[in-house]
Structure formats: structure tokens, C-alpha cells
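Here is a short briefing on one protein chain. Look at the model, then read the points below.

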Amino acid sequence: MPRIASPAPDLLAGLIVEACDRRMEVDFARRWGGPVAGVDEVGRGPLAGPVVTAAVILTDAPLPEGLTDSKQLKPGAREQMFEVICRDHIVAVASASAARIDAMNILAANLWAMDRAVRSLAEQPVGVLVDGRDVPSALTAAGYRGAAIVKGDARVAAIAAASIVAKVMRDRMMELHAAEFPGYGFETNVGYGSAKHLKALAELGPTPIHRRSFRPVRECIEARAGGQRP
């Protein structure tokens, strides 16, 4: 799967380190001749649950104060910003299940979900700014412009907004899974391999939302099949 290069250095030069603003997306919108969506994901590393992606096109409405990478925000602040972003801006969310992750691999499933999120936007952008190093090849093949921006969720407002939407949506999904599959601590570890999660995995075995292609889950399945305790 081809990688899309990050933007040219001249586009990055004006960004303030650790500041999140709209300058890059405005510049790309001018160069590309239309609206630009920020795209980000949450949940590539957990042992259970989906990977969730969001695409956001910012309108002229004010941005939430303190907008930045969702990982830098407290849960209450994330929730408040989530409500404002969904109310005032153009938002779409898509996810790839654990089964799809196992079938495709995590990178391919993540890019698949990003493609779905962008195409689900009520207003279609001419291009996307994606956090990280990869732009979905399906989007570029369909004629969308694209740029991958390392640490874009802390520097580009539309990507930061997408990171917040994806994080809040995935956390809510994992809370529902916690009620469905008690004992694994999904309400707090959101599927990551915490000590409680690993202990429950060994004692209870994997659930339908566990990623069987991920080593700790795979080893647990193999051990249980052999009559051994993981």
C-alpha cells in the first residue's frame, strides 16, 4: 500500500510548535481549491474493540477553546469539545471491528475506516489531512487530494477535532462493551492490555470483540486449546 509523503517543508514552517490552529488547512484549501477534512483514528493498539476514525470539516463557527490532541485533554474537556464540534462543524465517524482488523491487519483496517468516514461526510472535501504517515490509497485513487502530517493532531485544528470525536466515540463504545462483557475492565482500560485485562483474558478467555491476530490474544487462545493456563 503506497505511502503519501508529508507536506513540503514550506507548509510546516509557519506552524507554531505545540500550538493547534487552522493555518495549514486554510493553506491546503486554497491550494487545492475547496474544503479540506481533518482525519484521525483512535484504537490501533488495544487488544479488544474496534479502531474508530473520524473526519471533520471545520465551518466558520468558533473552535472550542484549548483545542488540541485528544490525548492531552482530560475526559471532561474532551466531552465538552466533542459536543461543540459535532454541533457546529461537519463530522462523520466510521469504525473497523476486531473481526475486520483480524482479516485485514490493523493498518489496512484503519485506512479502510478512514476512507468510509471521509465519504460519509455531509459535505465532501476536495482533500484530506491525515494524522500520521499514511493517506488511504482508496481516497487518492478516487481523486481526493491528501497529505499525511506527523503529529498533526497537535498542530492542525481539523485533525485535532477529528481525534477528539474518534476518542469520545470509541470510549463510549467500550463502555457499552464493558456492560456486555464484564470482568475485563473495558470501562477503564478501553481494550488496552492492562494487568486486569490480561488477567481476565487468561481466566475467562477472549470475547467476540478481542483481536485474535494480536499476540497476547492469540497466545491465550493457543494455550487454552492446549489445556494450559496462559
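Helices (H or I, at least four residues) and strands (E, at least two) are DSSP runs, numbered from the N terminus. By that rule, the protein chain has ten helices and five strands. This is a predicted model: local features need pLDDT of at least 70, side-chain atom pairs count only at pLDDT 80 or more, and totals for chains, interfaces and linings use all residues. Residues are numbered from 1 along each chain as its sequence is written, and side-chain values use heavy atoms, leaving out hydrogens and water.

**Confidence**
- pLDDT is the predictor's confidence in each residue, from 0 to 100.
- The protein chain averages 91, and 90% of the residues score at least 70.
- Over residues 1-17, pLDDT stays under 50.
- Where pLDDT is low, the predicted coordinates should not be read in detail.

**The sheet**
- Five strands form an open sheet with mixed pairing, in the order β3-β2-β1-β4-β5. (Two strands pair if DSSP finds at least two bridges between them.)
- β3 (90-96) and β5 (145-149) are the edge strands, each pairing on one side only.
- Strands β1 (residues 36-42) and β4 (residues 127-131) run parallel, joined by four bridges.
- Ala-37 has Val-128 in β4 as its bridge partner.

**Size and burial**
- The C-alpha atoms of the protein chain fill a box of roughly 60 × 40 × 30 Å along the principal axes.
- Buried residues (under 20% relative accessible area, 1.4 Å probe, protein chains only) make up 51% of the 230 residues.

Note on methods: Contact = heavy atoms within 4.5 Å. Buried < 20%, exposed > 50% of the residue type's maximum accessible area, 1.4 Å probe, protein only.
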